[in-house]
Amino acid sequence: MELNQIQQQISHRPFECPDKEWKFYQEWNKAIFLHWEVNPEQIEPFLPKEMNPDIINGKTWISLVAFNMNKIGIRHMPKVPYISDFLEINIRVYVVCNNKPSVYFLSMEGSKRSSCKILKTISKFPYRYSKMSRDDFTYKSRNKMFHDALNIEYDLSERQVEKDETDLWLTERYAVFQDYKKYIIEYDVHHIEWPMRTINIKHLVLDYPRFNHIITNQPDKVHYSPGVQVLTWDKRMVLRGDFD
């Protein structure tokens with residue numbers, strides 16, 4: 001899709017795009033979403049004091065998203081193929097910060113050491129390297145330092161998902177807030193509404209010791225998307241004491 005067409009599709013957003021040019025381009029492809037419903041008090045200990053759990057129907061959620069990160073780069077600059085394409089897994093929770101429904105990352109893993117190092121430096125996100133592999137119907141990851149492991153086997157249907165209110169709440173997120181030293185960092189993003197297909201999880205082994213009390217091998221919801229093209233604005237860094 002042409003980038004100007006992406007920018008014209010805004011009716012699905014809960015708030016407006018920033019009134020300036022976006023800076024970064026990337027693609028989130030072949031995305032597997034695993035979601036667990038949890039009580040808000042289970043999430044609060046993970047959050048900076050500037051953020052509150054976002055709540056729907058009295059609950060909040062934690063999600064693991066495993067996907068192909070592709071073509072990441074800076075606007076008007078050539079992309080570096082090896083660094084720009086890798087596998088990523090993130091674990092995220094849903095927050096309200098600066099009056100925006102957004103996400104906060106508890107964990108971010110990439111399959112290339114160089115990509116993780118560069119992106120952690122530029123974005124200030126908590127990227128770390130994990131050994132990962134993927135084929136048409138499996139996704140595997142292992143991190144020796146944290147003893148994290150993921151092994152998914154699945155199959156797909158061409159049937160599109162009829163999204164309910166919770167599906168949209170979980171997937172249509174257009175801001176990220178992250179803490180970094182003395183700062184709260186904000187990123188605005190934009191993409192078309194996630195196209196969703198039906199996924200059947202045939203086998204799932206999931207072990208993230210830090211989060212095993214809130215995520216299990218039986219997610220409450222699952223999604224699959226062939227992917228979206230993503231526009232991201234430059235980060236906004238605000239000292240915690242000045243954050244409103």
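Lys100, Glu186, Asp188 and Arg236 are linked in a network of salt bridges, a salt bridge being a side-chain nitrogen of Lys or Arg within 4 Å of a carboxyl oxygen of Asp or Glu. What we are looking at is a predicted model, in which local features need pLDDT of at least 70 and side-chain atom pairs count only at pLDDT 80 or more, while totals for chains, interfaces and linings use all residues. Residues are numbered from 1 along each chain as its sequence is written, and side-chain values use heavy atoms, with hydrogens and water left out.

Let me stay with the charged pairs for a moment. Side chains of opposite charge can pair when their charged atoms come close. Asp188 and Lys100 are both buried, where buried means under 20% relative accessible area, exposed means over 50%, and partly exposed is in between, with a 1.4 Å probe and protein chains only.

A second salt bridge brings together the side chains of Arg128 and Asp148, again with a value of 2.8 Å from N to O. This pair links distant parts of the chain, with Arg128 in strand E6, residues 127-129, and Asp148 in strand E9, residues 148-160, 20 residues apart. Arg128 and Asp148 are buried.

And what about Asp179 and Arg240: how far apart are their closest N and O atoms? They are 3.3 Å apart, and the two residues form a salt bridge. Asp179 sits in strand E10, residues 175-180, and Arg240 in the segment after strand E14, 61 residues apart. Asp179 counts as partly exposed at 26% relative accessibility, and Arg240 is partly exposed as well, at 27%.

Now to the aromatic rings. A search of the whole structure finds 10 aromatic pairs, where rings of Phe, Tyr and Trp (its six-membered ring) pair if their centres lie within 6.5 Å, and planes under 30 degrees apart count as stacked, over 60 as edge-to-face and the rest as tilted. Trp28 and Trp194 have ring centres 6.1 Å apart and planes at 20°, so the pair is stacked. Because Trp28 lies in strand E1, residues 24-38, and Trp194 in the loop between strands E11 and E12, the pair ties together parts that are 166 residues apart in sequence. Trp28 is buried, with a relative accessible area of 19%, and Trp194 is buried at 5%. Together with Phe33 and Phe67, these two tryptophans form one aromatic cluster.

Finally, strand E1 itself. Of its 15 residues, 13 are buried, so E1 is largely enclosed by the rest of the structure. E1 pairs with strand E13, residues 221-232, in the antiparallel sense over 11 bridges, and two strands count as paired if DSSP finds at least two bridges between them. Within that pairing, Phe33 stands opposite His223 in E13. E1 is also joined to strand E3, residues 60-74, by 12 bridges, and these two strands run antiparallel. There, His35 stands opposite Ser63 in E3.

Methods. Helices (H or I, at least four residues) and strands (E, at least two) are DSSP runs, numbered from the N terminus.
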